[in-house]
Amino acid sequence: MRKIILASASPRRSELMKQAGLDFDVCVSTKEEKKGPWEPEEMVRRLSRQKAQDVAERYAEDCIIVGADTVVSCDKEILGKPANDQDAFRMLHMLQGRTHEVYTGVTVIEGSADVRKETVFAEKTEVTMYPMTDKMIWDYIRTGEPADKAGAYGIQGLGARFVKDIRGDYNNVVGLPVGRLYQELKSHGWM
């Protein structure tokens with residue numbers, strides 16, 4: 001089996017890869033993300049591709065590189081990681097009692113430096129949150145969990161208390177549609 005390299009520092013993505021039984025190394029992209037005025041699905045495709053291509057430039061040998069990026073979108077606003085507690089409050093207040101979308105883009109680059117094949121896809125999952133009071137939001141922010149999460153919540157942690165409904169792939173909301181990734185790897189004969 002060829003070496004798989006995850007181009008992400010996310011511990012959540014690493015955990016999902018392990019749960020899928022994938023043996024991999026981590027090599028984090030050091031390139032600054034170039035965000036543009038794109039729709040969320042196009043943005044995650046482009047960002048995942050940037051990460052995978054940056055890491056691919058460091059590997060000449062035959063391997064599989066997986067880059068991923070996740071964003072939360074509500075009312076056409078892309079919600080990244082909150083800048084501070086006030087920003088986290090704003091995001092959570094916006095999401096409470098409503099449905100929003102989570103998009104994850106994945107890029108898989110396979111081959112050696114001489115010949116590489118690339119596959120890019122995106123998954124969308126709709127998430128509906130329960131209503132939250134301002135106190136509930138501030139109590140959650142004080143846990144520290146929202147600080148490094150797109151949309152200021154972690155579905156796999158305490159944020160699960162506020163999730164009413166998920167339409168789509170749960171793992172996509174965590175940060176990697178690992179089932180789809182596995183199927184893509186298999187369908188291309190990369191596994």
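This short report looks at a helix pair and a pocket in a predicted model.

**Two helices that meet**

Two packed helices are described by the angle between their axes and the distance between the axes. Here, helix α3 covers residues 85-95 and helix α4 covers residues 134-142. Their axes lie 10 Å apart, and the angle between them is about 135°. Angles over 145 degrees would count as roughly antiparallel and those from 65 to 115 as roughly perpendicular, so α3 and α4 are oblique to each other. The crossing of α3 past α4 is right-handed.

Which residues make the contact? From α3 come Asp85, Gln86, Ala88, Phe89, Leu92 and His93, and they meet Asp134, Ile137, Trp138, Tyr140 and Ile141 of α4. Sorted by class, this contact holds 7 nonpolar, 2 polar and 2 charged residues.

**The largest pocket**

The largest pocket has a volume of about 600 Å³. Its lining consists of 34 residues, and nearest the centre lie Arg13, Asp69, Thr70, Lys81 and Ala150. Elements giving two or more residues to this lining include α1 (11-19), α2 (40-56) and α5 (170-174). Which element gives the most? That is β3, with 4 residues.

| Class | Residues in the lining |
|---|---|
| Nonpolar | 16 residues |
| Polar | 8 residues |

Methods: Residues numbered from 1 in each chain as written. Predicted model: local features only at pLDDT ≥ 70, side-chain atom pairs only at ≥ 80, totals over all residues. Heavy atoms only, no water. Axes fitted to C-alpha atoms, helices over the stretch in contact; angles between N-to-C directions. Parallel < 35°, antiparallel > 145°, perpendicular 65-115°, else oblique. Left-handed = near helix turned anticlockwise from the far one by under 90°. Contact = heavy atoms within 4.5 Å. Nonpolar A, V, L, I, M, F, W, Y, C, P; charged D, E, K, R; others polar. 1 Å grid on protein atoms, 1.4 Å probe; cavity = no way out; pocket = protein on both sides within 12 Å on 5 of 7 lines; lining within 4 Å. Points joined across faces, edges and corners; volume = space filled by probe spheres on them.
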